[in-house]
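Q: Hey, I've just opened this one and I'm new to it. Can you walk me through it?

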Amino acid sequence: MKVAFLSFDFGEYCIRLASGLAQKAEVLLLLPDQRAAPHLSKMNQAVRYQPFHLPRLRQPLRQLAMVYGILKQITSFDPDVIHLQKGHLWFNMALL
């Protein structure tokens, strides 16, 4: 089973949960680089970690580029399950 795990916050929690999932499934973790950096030492080596830059909400062009990049990563991973830990103002528009 392939699981794409996306969150925009909660770095330590998401890394620990993705590490636990990686014992039973192939996991792609998409997490903002600044949220994950302090906790990367706790990540299971089996987790495929893909950091992304989280721009400020008032930067719409950068937000759209971020959303496009995330969707491209998820599509290329071709997961069976997409776990969205916490929504995001701009990304929620792409959920449809």
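This is a predicted model: local features need pLDDT of at least 70, side-chain atom pairs count only at pLDDT 80 or more; totals for chains, interfaces and linings use all residues.

Q: Okay, what pattern does the protein chain follow along the sequence?
A: Reading along the sequence, you get β-α-β-α-β-α-β. Helices here are DSSP runs of H or I with at least four residues, strands are runs of E with at least two, and both are numbered from the N terminus. The radius of gyration is 13 Å, close to the 12 Å that the globule rule gives for 96 residues, so the chain is as compact as a globular protein of that length. That radius is taken over C-alpha atoms, and the rule is 2.2 Å times the number of residues to the power 0.38.

Q: How much of the protein chain is buried?
A: Buried residues are 38% of the 96. Buried means under 20% relative accessible area, exposed means over 50%, and partly exposed is in between (1.4 Å probe, protein chains only).

Q: And which residues touch the most other members of the largest nonpolar core?
A: L6, F8, F52, M66 and I70, out of 14 residues in that core. A nonpolar core is a set of buried Ala, Val, Leu, Ile, Met, Phe, Trp, Tyr and Cys residues joined through side-chain atoms within 4.5 Å. Strand 1 (2-6), strand 2 (26-32) and helix 3 each give two or more residues to this core. Helix 3 gives the most, with 5 residues. Apart from that core lies another, of 11 residues, including I15, A18, L29 and V47.

Q: What is F52 in contact with, leaving aside neighbours within four places in sequence?
A: Among its contacts are L6, F8, L30, P32, M66 and I70. Contact means heavy atoms within 4.5 Å.

Q: Switching topic: how many salt bridges are there?
A: The count is 4, where a salt bridge is a side-chain nitrogen of Lys or Arg within 4 Å of a carboxyl oxygen of Asp or Glu. One of them joins R35 and D9, at 3.1 Å from N to O. R35 is in helix 2 (residues 33-36) and D9 in the loop between strand 1 and helix 1 (11-21), so they tie together parts 26 residues apart in sequence.

Q: Where does K86 sit relative to D9 in the chain?
A: K86 makes a salt bridge with D9, with the closest N and O atoms 3.5 Å apart. K86 is in the segment after strand 4 (81-84), and the two are 77 residues apart.

Q: What about E12?
A: E12 pairs with K42, and their closest N and O atoms are 3.4 Å apart. E12 belongs to helix 1 and K42 to the loop between helix 2 and strand 3, so this pair ties together parts 30 residues apart in sequence.

Q: Last one: where is L57 found?
A: L57 is in the loop between strand 3 (48-52) and helix 3 (60-77). L57 is partly exposed, at 49% relative accessible area.

Technical notes. Residues are numbered from 1 along each chain as its sequence is written. Side-chain values use heavy atoms; hydrogens and water are left out.
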